[in-house]
Amino acid sequence: MTTAAPAPSSRDLPHPVREEIRLEGVLHALSDPMRLQVVRELAAVSDELSCSHFDLPVTKSTTTHHFRVLRESGVIRQVYRGTAKMNGLRRDDLDGLFPGLLDSVLAAAAGQAARLGGVTVG
């Protein structure tokens, strides 16, 4: 007996499959200070965080744009859990495709933050 996959709902968000994630897209997503901050926070907790957890100094529409860029590049996965949109880092996919890249970028970002006194440049 085969079971059909559940029909996609209007709340399903498009994500690239692992094989579609491209290095230039990941680097572009990580090049923005606000998006890099989101990734640093997700990496620090190794869990999902809701969009409302992030206190970015930009408008809600700009925050939404940053999350969309991260999701469409394959850096994060977004899913609805009840009314909350949850965000998780796609570390396994990124580490599998680009070994060491994420850790190098996170280490460099931490070093920069320490050098600049924790100030995020935006």
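This is a predicted model: local features need pLDDT of at least 70, side-chain atom pairs count only at pLDDT 80 or more; totals for chains, interfaces and linings use all residues.
1. The handedness of the crossing, in which α2 passes α3, is right-handed.

2. Which residues bring α2 and α3 together? From α2 they are M34, R35, V38 and V39, and from α3 they are H65, H66, F67, V69 and L70. By class, this contact has 6 nonpolar residues, 2 polar and 1 charged.

3. Helix α2, residues 33-45, also packs on helix α5, residues 101-115, at an angle of about 105 degrees and with the axes 11 Å apart. That angle makes α2 roughly perpendicular to α5. On the α2 side the contact is made by L36, V39, R40 and A43; on the α5 side it is made by L102, V105, L106, A109, A110 and A113. The residues of this contact comprise 9 nonpolar and 1 charged, with no polar ones. V39 of α2 takes part here and is listed in the contact with α3 as well.

4. How do α1 and α3 run relative to each other, and at what angle do their axes cross? The axes of helix α1, residues 23-30, and α3 come within 9 Å and cross at roughly 160 degrees. Angles over 145 degrees count as roughly antiparallel, and α1 and α3 are therefore roughly antiparallel to each other. The crossing of α1 past α3 is left-handed. Its contact residues are G25, V26, H28 and A29 of α1, together with V69, L70 and S73 of α3. Of these residues, 4 are nonpolar and 3 polar, and none is charged. V69 and L70 of α3 belong to this contact and also to the one with α2.

5. The remaining point concerns the largest pocket, which holds about 320 Å³ of space. Its lining has 18 residues, and C51, K60, T63, T64 and F67 lie nearest the centre. The lining divides into 7 nonpolar, 7 polar and 4 charged residues.

6. Which elements supply at least two residues each to the lining of the largest pocket? They are α3, residues 60-73, and β3, residues 84-89. Helix α3 gives the most, with 6 residues. F67, one of the residues nearest the centre of the pocket, is also among the α3 residues that meet α2.

Technical notes: Residues are numbered from 1 along each chain as its sequence is written. Side-chain values use heavy atoms; hydrogens and water are left out. On a 1 Å grid over the protein atoms alone, a cavity is a set of points where a 1.4 Å probe fits but cannot get out, and a pocket is an open set with protein on both sides within 12 Å along at least five of seven lines; lining residues have an atom within 4 Å of a point. Grid points are joined across faces, edges and corners, and a volume is the space filled by probe spheres set on the points. Helices (H or I, at least four residues) and strands (E, at least two) are DSSP runs, numbered from the N terminus. Ala, Val, Leu, Ile, Met, Phe, Trp, Tyr, Cys and Pro count as nonpolar, Asp, Glu, Lys and Arg as charged, and the others, Gly among them, as polar. Axes are lines fitted to C-alpha atoms, for helices over the stretch in contact, and angles run from 0 to 180 degrees between N-to-C directions. Angles under 35 degrees count as roughly parallel, over 145 as roughly antiparallel, 65 to 115 as roughly perpendicular and the rest as oblique. A crossing is left-handed if the near helix is turned anticlockwise from the far one by less than a right angle, and right-handed if clockwise. Contact means heavy atoms within 4.5 Å.
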